[in-house]
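Biologist: Please show me the assembly. I would like to go through one of its interfaces.

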Protein chains: 4
Amino acid sequence: MKAVLFEQFGQPPRVQTVPDPTPSAEGVVIKVEATGLCRSDWHGWMGHDPDVVLPHVPGHELAGTVLAAGRQVTRWKKGDRVTVPFVGGCGHCHECHSGNHQVCEQQFQPGFTAWGSFAEYVAVDYADTNLVALPDELDFATAASLGCRFVTSFRAIVDQGRVKPGEWVAVHGCGGVGLSAIMIASAMGANVIAIDLTDEKLAFARTMGAVATVNARDGKDVVGAVKEITKGGAHVSIDALGHPATCFNSIANLRRRGRHVQVGLMVGEHARAQVPMAQVIAHELEIYGSHGMQAFRYQDMMAMIRTGKLTPQQL
Amino acid sequence: MKAVLFEQFGQPPRVQTVPDPTPSAEGVVIKVEATGLCRSDWHGWMGHDPDVVLPHVPGHELAGTVLAAGRQVTRWKKGDRVTVPFVGGCGHCHECHSGNHQVCEQQFQPGFTAWGSFAEYVAVDYADTNLVALPDELDFATAASLGCRFVTSFRAIVDQGRVKPGEWVAVHGCGGVGLSAIMIASAMGANVIAIDLTDEKLAFARTMGAVATVNARDGKDVVGAVKEITKGGAHVSIDALGHPATCFNSIANLRRRGRHVQVGLMVGEHARAQVPMAQVIAHELEIYGSHGMQAFRYQDMMAMIRTGKLTPQQL
Amino acid sequence: MKAVLFEQFGQPPRVQTVPDPTPSAEGVVIKVEATGLCRSDWHGWMGHDPDVVLPHVPGHELAGTVLAAGRQVTRWKKGDRVTVPFVGGCGHCHECHSGNHQVCEQQFQPGFTAWGSFAEYVAVDYADTNLVALPDELDFATAASLGCRFVTSFRAIVDQGRVKPGEWVAVHGCGGVGLSAIMIASAMGANVIAIDLTDEKLAFARTMGAVATVNARDGKDVVGAVKEITKGGAHVSIDALGHPATCFNSIANLRRRGRHVQVGLMVGEHARAQVPMAQVIAHELEIYGSHGMQAFRYQDMMAMIRTGKLTPQQL
Amino acid sequence: MKAVLFEQFGQPPRVQTVPDPTPSAEGVVIKVEATGLCRSDWHGWMGHDPDVVLPHVPGHELAGTVLAAGRQVTRWKKGDRVTVPFVGGCGHCHECHSGNHQVCEQQFQPGFTAWGSFAEYVAVDYADTNLVALPDELDFATAASLGCRFVTSFRAIVDQGRVKPGEWVAVHGCGGVGLSAIMIASAMGANVIAIDLTDEKLAFARTMGAVATVNARDGKDVVGAVKEITKGGAHVSIDALGHPATCFNSIANLRRRGRHVQVGLMVGEHARAQVPMAQVIAHELEIYGSHGMQAFRYQDMMAMIRTGKLTPQQL
Ligand SMILES: [Zn+2]
Ligand SMILES: [Zn+2]
Ligand SMILES: [Zn+2]
Ligand SMILES: [Zn+2]
Ligand SMILES: [Zn+2]
Ligand SMILES: [Zn+2]
Ligand SMILES: [Zn+2]
Ligand SMILES: [Zn+2]
């Protein structure tokens, strides 16, 4: 097959012909119909991710049709339209058994721990656990875009933030993760405040459902602004960017017993972050990390897409 | 003041002049601006409710303005626009302390345990705990209608059913409680199935957000229909009517690990109800009673009304 | 191998020589070192269980050593000391993916859906999901006794009842399930009331940790007795027997917002059970079914056995 | 009455005669029978606490008998044996209404926001909400010692950490808070690792229930040691000391999806603390602040003391 391959970190990838993949006993090979690109790919290409082994084919945001299935695969057959979350579980470790494939101890990540979807075909392991059926209504391009930012936001808002209808949700950063979070939280009945540095992004955030916005430019007191709008602070706040400033603000702008969800990655020098711990204690704040989403949890998200309650194609 | 008063159970009430109420130390007197009527009033008037002492003034669905406040009241003053839940907490028992005023051990229920709102003025006890401020956007008539069926449904769906976005919610009975539940669950991102006996009600249920309907007339297999629509059963189901048949169906139509919420009252000969206990065990079903809603939980509901996510005036 | 086999329901089983089992791709064969017997076996032998196909080898409470493992098995090898829960999950359905193997849609139950452990060897499917390692401290006989009543009680008390330290727990029925529940709830810091019909059983219940007892003989008002001891009702109550009377009492003796867990099976004419639904609503009681326990949840139970906090060998 | 009073921060307090307190309408005056002292008193005396107004009488760990009750007090009368948590709720704010008096918006703290218990009598406001009845078994000296460190640990372990039986709990710091946490977690069936700098404290921690210990002296790799003992990390970990190093270790030594509870205060230059945020994200760790405990939650703790499951007099 043809694949986009790089042989050195930071060097231009080239289209090459490589051997076609074959499915493992528990895996499938997918004919790639659509594939996306995000900042994580850049990290992998630059050599920041220890999972990537050279030579490498990137690509973790994908959708396609099953071409072949291993002999232990029971739920999938040739022709099925599918996508995958960017973190696949092994299905056999304690975390997978408890339903937490997103923090599996032996994660399968196409485009990182194995060759990815910048190719005609991609092999996905543990297919019964990790594949997700696409509803007919969902085109491949939209489906490919779900697997990384949108599902990450779904888990952050729904399962980790446990947002309740009528709560105030502050979303720091209006990139792909942030806009997804705004759409999802709004569709759950929450009132969302969008925070970013440009009015254009904030205007778009309003079309995704935000009922209030804060432009953080020029040393704006973001925490004060959120507390004023919400009369005391957000119930839930997420750092959708991944920066020490947004992380700190997202905790500091909570009301008593509020919940912060850290979604934006904190890498390199930001791997350790300062938090307002005295406030965390006095107001009993809660801080949650959030990491991808399990394949089985796509079901509820797909149900919302099917009835038009979520419209990821707008993003 | 003038009040609608009855002196014998089941006898016509008459408008009479009675002494004006005065606030208790922790209570207020409210000038009634709007008051509603529901089936509970009929039970009270018929003598089915042991709390009602003759002569009696009914009325528990009310909104108005504070006229006078007792000397221990700290949060309310003359002129405040307010409503109350139909169950008021004493503020001092174990249930109230734990935030569960809706099951207070010494409940204050205007129109039942005390004279109600079919009068110019009504006294409400424990005002700091039980009064709810009305947003300017909310007119008195709509506010009066919230305190019984709408808030009961809010608690049943949000706090007891803990509905999650994308879940299937079956609502048995499309009266006031059921239609409220349909609106609320839909506003939270759930997909709702409405069940009733007439196509007119089901058509209206669709305008409230239901995405599917089942007409239960003529021995229809409701459980089978819900299981087919939902591909396995509802995640959450509520009996909004209060009848042995709807109660049973609402449990039986759940998928594995589904949650039933009993909202419709089961009185008299229905006080004991048959449930499919073998299925409850094998599928680990969960059954919850739901009873009113605490005043402090109106906050999130009002936030949804303010941003148009809930529109109780449509009901 | 030699196996205890019956060819007709209700007819005496006989020891026969049958072919040795071989492991499926995802399964293992276990050399049986200990096996138990309980009422469920009697139901299977009588033909009450539609899963049982003739001729049949019973036995679902087992411990032994792995003799051979299928080629897809990654976590187990020959010689490992193991046991299994009485319900095995398929590992591939929605319930299994969400960590709820105990309500798997295609359950594997040795001794019911397949030949069981009254034999020299037994085949167990989906071994990576369903096998449990035995700590060295735990002998085979005790381990075999865990898989049915003890783990059922562990899940009922810990995961379904979510008992908290200092709560009152009422246990109706002091057979194997009930005594296990008493030991487990006491080890979690709860205060347990044991209820049964004989003083001998109640005396033994005290040695398992019960701090109070109620003898239900001769029309005793069990509900009144529990409410008096607990000053208002139990926080959590379980029906460990499976009878309409214990089920009803176990719900009726709860305090406001209390939780009932139904563990004892309700079969045949008891499949439908009457519950005090008016009380469920007014006091917002919660009712949970409980069914076995997932293999991965043995970990915490084994940790308690290892440090002597649980001593199932006493039962 | 006689009271221990200081007129300048950091100056020796003196015993003086001051006017006897009188109860507010919702308050009581308690005759002090026992009073304790802790590091918080030192902070108050040094002027670190902005709530303290001069001249001041310290004392927040107290037990005694009710001497007089205000006219709105319904639950208490002269002669009742009582204690109080160190944070009292106002009973009327959103946090109090939701059952979270420990983070009340207008906290009453005897010895800080008002004169305390280093006196013959102390006034306590909002008595119906904040007083706790002492069981006959509990002497005043032990009761006085509960209100600060022991109840703080109870909430941290039971309600915030939500420790489950059989889980591994790491306790960083074996002072009063840490030893209490060890006793409580052990009484709930958890396996506890105690961490401190001296073998004497660790030996005492074992008598409180710890099943393993780590001496953190001399640059010991505490995180590695906890991960080795627990085969992967603690399920729950608490920083009972309040120091950047113990806070960081207590998060870093968690297993995937583990929960850290910050109990030890982080003041002054430690008000902001560094956390391993990359690990929080990748492993979906959870961080909770914990602050005192509500009066109504003493009930379960007292139930454990009454049946000997907790023995605070040993501390
Ligand atoms: Zn991506
Ligand atoms: Zn895994
Ligand atoms: Zn009503
Ligand atoms: Zn109350
Ligand atoms: Zn399964
Ligand atoms: Zn058995
Ligand atoms: Zn103290
Ligand atoms: Zn308060």
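Biologist: In which sense do β13(A) and strand β13 of chain D pair?

Modeller: This is a predicted model, in which local features need pLDDT of at least 70, side-chain atom pairs count only at pLDDT 80 or more, and totals for chains, interfaces and linings use all residues. Residues are numbered from 1 along each chain as written, chains are lettered from A and ligands numbered from 1 in written order, and side-chain values use heavy atoms, without hydrogens and water. Strands are DSSP runs (E, at least two residues), numbered from the N terminus, and two pair if DSSP finds at least two bridges between them. Here there are 4 bridges, and the sense is antiparallel.

Biologist: Which residue of β13(D) is the bridge partner of A:Gln274?

Modeller: Strand β13 of chain D covers residues 272-275. The partner of A:Gln274 lies in that strand and is D:Gln274.

Biologist: How much area is buried between chain A and chain D?

Modeller: Buried area is the accessible area (1.4 Å probe) lost on putting two parts together, summed over both. Carbon and sulfur atoms give 58% of it. The total is about 3100 Å².

Biologist: Which residue of chain A forms a salt bridge with D:Arg155?

Modeller: The rule asks for a side-chain nitrogen of Lys or Arg within 4 Å of a carboxyl oxygen of Asp or Glu. It finds 2 salt bridges across this interface. For D:Arg155, the closest N and O atoms are 2.7 Å apart, and the partner is A:Glu284.
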